Structure formats: structure tokens, C-alpha cells
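Biologist: Can you put the model up? I have a few questions about what is in there.

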Amino acid sequence: MEKGRGMCASKVVMVLLALMMFHSKMVHSCIYAVGDAGGWTYNVDRWPIGKSFRAGDGLQFTYIPFTHNVVVVDEIGYNNCNPLRGTQVYASGSDFIQLRPGMNYFICGFPGHCLGGMKLAINAI
């Protein structure tokens, strides 16, 4: 009977440790307002300079809907300012996107906006 109780106690400890690790990641996540007070607009491509991002951090994109949008792209789409069909497009004017580990690329899909610096490349460690 005591062997059964010991197994139960070790399972409880493992669950508690897992919850603590999950909570620790949540506590350390940051939310960034893209472009700060200016929001998601032209020449925002330099906004990440000097900032450190981690996987799980969130980006809050604020902009006027029907004037801009946020398109999640790959490196080629970022460099060419050309989203591929089937890419994720956000258009609410207040979009929250959680960063994945590694490089994360975003552009505005409206013609000419990306070329005007409305794009971001963020490396989340």
C-alpha cells in the first residue's frame, strides 16, 4: 500500500513542476506595441533595433483597418514584399501575434506599403 502512495506523491510532484515551468514561461513573456505610439505604419522596419525578443512574446499591431493589414510571410516574402497565396492575413486593426522561435517576418500586404518600410523581421530566441 505504501508503494502506491509513493507513486502518487511522485506524480503530484511532477505535475507541480510542469505547472511551475509553464507558469514561468508565461510570466516572462512580454507584449510589444509594434511601432510604439505610432503603431503599425511606414518606416516601422527599424523599430525592433535594440529590442530583445523571445519565443512566446507577443506583438500588438495597431493600425487603421482597410488602410493596412498584417501578413505573416517567410524570408522570401519579406525580402520581395510579396506574400504568397495562403499566408495568414490579419486585418482587424488590432491584431495580436505570438512570436515563434527563430525568425518571424511580417509585411503590410497593401501595394507599396512594404516597400515604404512597413515590414518587420524579428528573431525570437
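Modeller: Below we go through charges, cores and strands. Keep in mind that this is a predicted model.

Biologist: How many salt bridges does a search of the whole structure find?

Modeller: The search turns up one salt bridge. The side chains of Asp45 and Arg46 form this pair, at 3.9 Å from N to O.

Biologist: Is Arg46 buried or exposed?

Modeller: Arg46 counts as exposed because its relative accessibility is 53%, and the cut-off is over 50%. Asp45 has 29%, so Asp45 counts as partly exposed.

Biologist: Next, the largest nonpolar core. Which residues touch the most other members?

Modeller: Those are Val34, Trp40, Trp47, Leu59, Phe61, Phe106 and Leu120, out of 19 residues in that core. Strands S2 (58-62), S3 (70-73) and S7 (119-124) each supply at least two of its residues. S7 gives the most, with three residues.

Biologist: What is Leu59 in contact with, leaving aside neighbours within four places in sequence?

Modeller: Its contacts include Tyr32, Val34, Trp47, Phe53, Phe106 and Ile122. Another core lies apart from the largest one; it has seven residues, among them Cys81, Tyr105, Ile107 and Cys114.

Biologist: And the sheet, in what order do the four strands come?

Modeller: The order is S4-S3-S6-S7, in an open sheet with antiparallel pairing. S4 (89-90) and S7 are at the edges with a single partner strand each, so one side of each has no neighbour in the sheet.

Biologist: How many bridges join S3 and S6?

Modeller: Three bridges, antiparallel, with S6 covering residues 102-107. Val73 stands opposite Tyr105 of S6.

Technical notes: Residues are numbered from 1 along each chain as its sequence is written. This is a predicted model: local features need pLDDT of at least 70, side-chain atom pairs count only at pLDDT 80 or more; totals for chains, interfaces and linings use all residues. Side-chain values use heavy atoms; hydrogens and water are left out. A salt bridge is a side-chain nitrogen of Lys or Arg within 4 Å of a carboxyl oxygen of Asp or Glu. Buried means under 20% relative accessible area, exposed over 50%, partly exposed in between (1.4 Å probe, protein chains only). A nonpolar core is a set of buried Ala, Val, Leu, Ile, Met, Phe, Trp, Tyr and Cys residues joined through side-chain atoms within 4.5 Å. Contact means heavy atoms within 4.5 Å. Two strands pair if DSSP finds at least two bridges between them.
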